[in-house]
Amino acid sequence: MSHAATMEPAGQNPGLTFGAEHAHDHDHAGKALSGFWLFMMSDLIIFGLFFATYGTMLVPMSFAGGPTPKELFEIPGAAMETAALLTSTLTFGFASLAVKYNFAKGKVLGWLAITLALGMVFLGLEISEFARMFAEGAVPQRSGFLSSFFGLVPLHGAHVTAGSIWLIMMMVQIARGGITDSVRSRLARLALFWHFLDIIWIGIFSVVYLGGLA
Amino acid sequence: MNLTQPFWPAVLGRLDLDSLDFLKVFFHPTLNDVILSGAAWAVLVGGVLGVAVLSYFKLWGPMWRNYLVSVDHKRIGIMYIVLALIMLARGVVEGVVMRTQQADGLGGGFLSANHYAQLFSTHGTIMIFFMAMPFLTGLINIVVPLQIGARDVSFPMLNSVSLGLTVSGAALIMISLVLGEFSTGGWTAYPPYTEMSFQPGVGPDYWIWSLILAGVGSTLTGINFVVTIFKERAPGMTLMRMPMFTWTALCASILLIFALPPLTVAALMLAADRYLDFHFFTNALGGNMMNFANLVWLFGHPEVYILILPAFGVYSEIVATYSGKRLYGYGSLVVATMSIAILSFTVWLHHFFTMGQDANVNAAFGIATMLIGIPTGVKVYDWMATMYRGRVRMTVPMIYLSSFMVLFVLGGLSGIILANPSIDFQVHNTLFLVAHFHNMLIPGLLFGMLAGYTYWFPKVFGFRLNDRWGYISAYSWIVGFVLVFFPLYVVGLMGMTRRTVSYVDPAYQPWMLMSGVGAIFVTVALAALVVQLYVSIRERNYTRDIGGDPWDARTLEWATPSPLPAYNFAVIPHVHAREAFAVAKEAGRGYQEPTGYADIHLPGDTYMGVIMAVFGTAFGFGMIWYMWWLAVVSFAVMAVAFIVRALRGDRAAITIPAAQVEAEHKAWLAQVRTVTPVTRERELEHANHGVAAPETKEVAA
């Protein structure tokens, strides 16, 4: 049945052997990163389902006589949001490089601060966009379509908010303790999260805004 | 204070005197309300009794230190299983009440329709989310790190958080017995019936928040165990040497990661509809309830396999051990497990064949559904082939296993019938369906969990469970199950609808009476489990498992002392074969002394699990009863707890010096040498102290 034994070096005992304890490299950072990848896959499913729900709501029944995508969306605002978020991903990349090549912590903090500022710009633009829609009567309570829009897009915004809080925590940690192993490990995960949100936003920009106006 | 002032509503939300279920008996002393209030009193009295017992025996301190703040995977597993058994008791009682109602249900009965609807909604929700899920999560927690030769899971703190969130969900369901009502919308809570326009009360909100909390906990458990299985295996424990239970735990964990999000999304959207007047699933203004059906079953069908795969894993371990033979067809079992995991995502639509989609869509999903029968059939043949010419002992787990193989195949065949859309149209929404899924989940999941509980109990607590009461319980479950559910197939085919409190066709009545008699056996089975635990604890000195291997078992967890030390393995084993412990014993190397010992580092305790349990419950409670201040404060506490913990870093690890490990391990090995090994004939006798006498048997190559 099994050929496992034949793969063993000759002379090994069958079954178990007990050697002295190996100096285990516990590799906590690697485990944490694996776990985080899995978490993001799970999160991606959540976004995927909100996208799918949004897709089913692009029909006249779900507009319920209310505003349609063509009447609601404007490219300039969404394009500016896109620019802010994509640039923030670039600056986060510089922060990661600064950590990788052991630059002074001031440089790392600087790039992170620029990233945070761009994240804030994105959130500000998004909120003003929502305010404009609310003023036009395009509230989530108006129709199934708007409910699904305000399910999907602010969910991304909430993620950016959480990422920003995390970013602030990282900056506090770096300012207090410098670039420690813990910082490297956490920053790698935050970078993954931040770039992930960028990819989601590209989906939103393409499907919701460009798709809605096409 | 003047009660008309708006102060109290701001504090208590929509909670008022009418919400207090335990008072209802005094206002409306009908049998229905006596039962309603009785349940509330049972929770209150049970809670008070629990507190009293813990106080009387001065157990608060030990419970806090040894369990609540512990990150030891075995302790966390025990807590999951205790939760599961408590919820099992409630779920069974609810089932028995429902069966009694229907036995008496020709043209009426004693329950109101609303109360009956709450019963089947809580019964389903509890059995799936707060009995089955904690039970299998508990077994996975206890067994998987041991089977792969690890000291703990990859993220011990997260493990505690998962447990805390699961407990908070269960706590909310228990609170719903005392305060207010539960949803009447079934365990799947289909809108628009669960929307505000039909159920403005707290019922569906209890469902939403208990499932969101427990669902997040389960997702985190899935992540934890996938990383644990991939990263924590002992040297030489390659994937294809992993015990089958670990394989099924891996597949179930992967399913948890990908299948729980749809449930979370469905519940969040329903919450948006109910709390913020969104229109995801409403009748009016463009909502689409079909989205909910898709989301909930996109979760719900993989969930079925999350439940059943670990049970398959338990059966695979048991059948090899109690047949004294290596597991037949290991490779095919691995492939079958993986196939089931993947196919489970392709069949969700068979839960709503009748909802108006194209016939070709139905055909595709019907075929996919039938395909799952193939890998499942492979497994059944593998188990039978393992028993063939084995040294089979009909112990309690084997009673569960053999009844499972017969009953599960029957249930599977009724599933193949249901997979055909044209037949499904006829029996949809009848008791035929109820009979089918209970036929899968009771012999499949529940028997598997109880078999695993019996099998691993001595490993965890150091003494065996009483087998006489075990047999009584097992046979009562089997007889009870058959009597309760086989009649439901018949009345289902006759057209009796599910989720209906009473009926007018007298032709149903004999079958309903038979089903009611079955409920008596199920009650006996549950009581026998309780008695078994009591008797086993009382007689524990006669059934001590000193050697740690009472069943002449085959996998790594049995190579350790019982009960286990916190560090599991004195020295991490190096694995050279599948079923490593059996191979080692065969070579006379079962209890080797290692060449050296090293210091062991274990993670420190954490308060995070307790914080999640307490404030998760408080958060859900605040949301359900519109006590916004409570929800905000509790959520903030949970968030701040995570931030503070992140900034402060891990709690100090506990170091166990090599000398202590050596002393403990050598003491155990010396003790093992004093034990007289027993042969399999004497397995259930007092003479069995956990060291197996060698027998001629087949071992893995």
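pLDDT is the predictor's confidence in each residue, on a scale from 0 to 100. In this predicted model, chain B has a mean pLDDT of 92. Of its residues, 98% reach 70 or more. The model scores are ipTM 0.92 and pTM 0.94. Where pLDDT is low, predicted coordinates should not be read in detail.

The interface between the chains was examined from the side of chain B. Here 57 residues of chain B are in contact with 44 residues of chain A. Several elements of chain B each supply at least two residues to this side. They are helices H8 (203-231), H9 (244-276), H10 (289-323), H18 (580-586) and H20 (628-648), together with strand E1 (574-575). H9(B) gives the largest share, nine residues. By class, the side of chain B that touches chain A has 38 nonpolar residues, 14 polar residues and five charged residues.

H20(B), one of the elements that touch chain A, also packs within its own chain. Its partner is helix H19 (residues 608-624) of chain B; the two axes come within 7 Å and cross at roughly 155°. Angles over 145 degrees count as roughly antiparallel, so H19(B) is roughly antiparallel to H20(B). The crossing of H19(B) and H20(B) is left-handed. On the H19(B) side, the contact includes Met608(B), Ile611(B), Met612(B), Phe615(B), Phe619(B) and Phe621(B). Residues of H20(B) that meet H19(B) include Trp628(B), Leu630(B), Phe635(B), Val637(B), Met638(B) and Arg645(B). The contact of H19(B) with H20(B) divides into 15 nonpolar residues, three polar residues and one charged residue.

Helix H6 (residues 113-147) and helix H7 (residues 156-178) of chain B have axes that come within 11 Å and cross at roughly 155°. That crossing angle makes H6(B) roughly antiparallel to H7(B). The crossing of H6(B) and H7(B) is left-handed. H6(B) contributes Thr122(B), Thr125(B), Ile126(B), Phe129(B), Phe130(B) and Pro134(B) to the contact. H7(B) contributes Thr166(B), Gly169(B), Ala170(B) and Ile173(B). The residues of this contact divide into six nonpolar and four polar, with no charged residue.

Technical notes: Residues numbered from 1 in each chain as written. Chains lettered and ligands numbered in written order. Predicted model: local features only at pLDDT ≥ 70, side-chain atom pairs only at ≥ 80, totals over all residues. Contact = placed C-beta atoms within 7 Å. Helix = DSSP H or I, 4+ residues; strand = E, 2+ residues; numbered from the N terminus. Nonpolar A, V, L, I, M, F, W, Y, C, P; charged D, E, K, R; others polar. Axes fitted to C-alpha atoms, helices over the stretch in contact; angles between N-to-C directions. Parallel < 35°, antiparallel > 145°, perpendicular 65-115°, else oblique. Left-handed = near helix turned anticlockwise from the far one by under 90°.
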